[in-house]
Amino acid sequence: MLIGELSRRTGVSPRLLRYYEEQGLLQAERGSNGYRRYGDDSVLTVRKIRVLLDAGLTSEVIRQVLPCTRSDQPDFDWCAGIRDLLDRELTALNARIEGLQRNHETLTGFLGRQSAPE
């Protein structure tokens, strides 16, 4: 299928699909006319990419994890190192959450000390 059809079937813009290809997340063959041609499995691949992006993973991490996924949830075949990689990502996410909670508490404190406008 051409990029427009893949875009229509996944709801992902052609620009993003080209970005996924540049990042090594999505494969396309080139026709003699230079047009990208995607296989039917590309729809599932794009769905997996979207779920993994929504989980907060970077394209670099997704590139490592994607070969170990099945279904669009995605479910994992626990390839070597994937559990450790996801554990590290979760640890980093927890650290970011803790930092955001501290920021929230600080801003709440600033607002609590603010005198009401006259």
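## The nonpolar core

Of the 23 residues in the largest nonpolar core, L6, L17, Y20 and V65 touch the most other members. A nonpolar core here is a set of buried Ala, Val, Leu, Ile, Met, Phe, Trp, Tyr and Cys residues joined through side-chain atoms within 4.5 Å. Buried means under 20% relative accessible area, exposed means over 50%, and partly exposed lies in between (1.4 Å probe, protein chains only). At least two residues of this core come from each of α1 (3-10), α2 (14-22), α3 (41-54), α4 (59-65) and α5 (82-113). Helix α3 gives the most, with four residues. Helices (H or I, at least four residues) and strands (E, at least two) are DSSP runs, numbered from the N terminus. In soluble globular proteins, nonpolar side chains tend to be buried together.

Before going on, please keep in mind that this is a predicted model: local features need pLDDT of at least 70, side-chain atom pairs count only at pLDDT 80 or more, and totals for chains, interfaces and linings use all residues. Residues are numbered from 1 along each chain as its sequence is written, and side-chain values use heavy atoms, with hydrogens and water left out.

## L6 and S42

Not counting residues up to four places away in sequence, L6 touches M1, L17, L26, Y38, S42, V43 and V46. Contact here means heavy atoms within 4.5 Å.

Leaving aside neighbours within four places in sequence, S42 is in contact with L6, L26 and Q27.

A search of the whole structure finds three salt bridges. A salt bridge is a side-chain nitrogen of Lys or Arg within 4 Å of a carboxyl oxygen of Asp or Glu. One of them joins E5 and R8, whose closest N and O atoms are 2.7 Å apart. These two residues are three apart in helix α1, so about one helical turn separates them. E5 is partly exposed, with a relative accessible area of 29%, while R8 is exposed, at 60%.

Another salt bridge pairs R9 with D40, and here the closest N and O atoms are 4.0 Å apart. Because R9 lies in helix α1 and D40 in the loop between β2 and α3, the pair ties together parts that are 31 residues apart in sequence. R9 counts as partly exposed at 35% relative accessibility, and D40 is exposed, with a relative accessible area of 60%.

## R36 and its partners

R36 sits in strand β2 (residues 36-37). R36 forms a salt bridge with E21, the closest N and O atoms being 2.6 Å apart. This pair links distant parts of the chain, with R36 in strand β2 and E21 in helix α2, 15 residues apart. Both R36 and E21 are buried. Their side chains also make a polar contact (2.6 Å). A polar contact is a pair of N or O atoms within 3.5 Å; within protein, one must be able to donate a hydrogen and the other to accept it, and residues adjacent in sequence count only if both atoms are side-chain atoms.

Not counting residues up to four places away in sequence, R36 touches M1, L2, I3, R18, E21, A28, E29 and R30. From C-alpha to C-alpha, R36 and G4 are 9.7 Å apart in space and 32 residues apart in sequence. G4 lies in helix α1 and counts as partly exposed, at 43% relative accessibility.

## T69 in strand β3

T69 belongs to strand β3 (residues 69-70) and counts as buried, at 8% relative accessibility. The side chain of T69 makes a polar contact with the side chain of K48 (3.3 Å). A polar atom of the T69 side chain also lies 2.7 Å from the backbone oxygen of L66. Leaving aside neighbours within four places in sequence, T69 is in contact with K48, L52, P74, D75 and F76.

## A nonpolar patch on the surface

L90, L93 and I97 form a nonpolar patch on the surface, with about 230 Å² of accessible area together. I97 is in helix α5 and counts as partly exposed, at 37% relative accessibility. The C-alpha atoms of L93 and G4 are separated by 35 Å, and the two residues are 89 apart along the chain.

Technical notes. Patches are made of residues with over 30% relative accessible area and no salt bridge: like charges are joined within 9 Å, nonpolar side chains (Val, Leu, Ile, Met, Phe, Trp, Tyr) within 5 Å. Accessible areas come from the Shrake-Rupley method with a 1.4 Å probe; for residues, only the protein chains shown count as cover.
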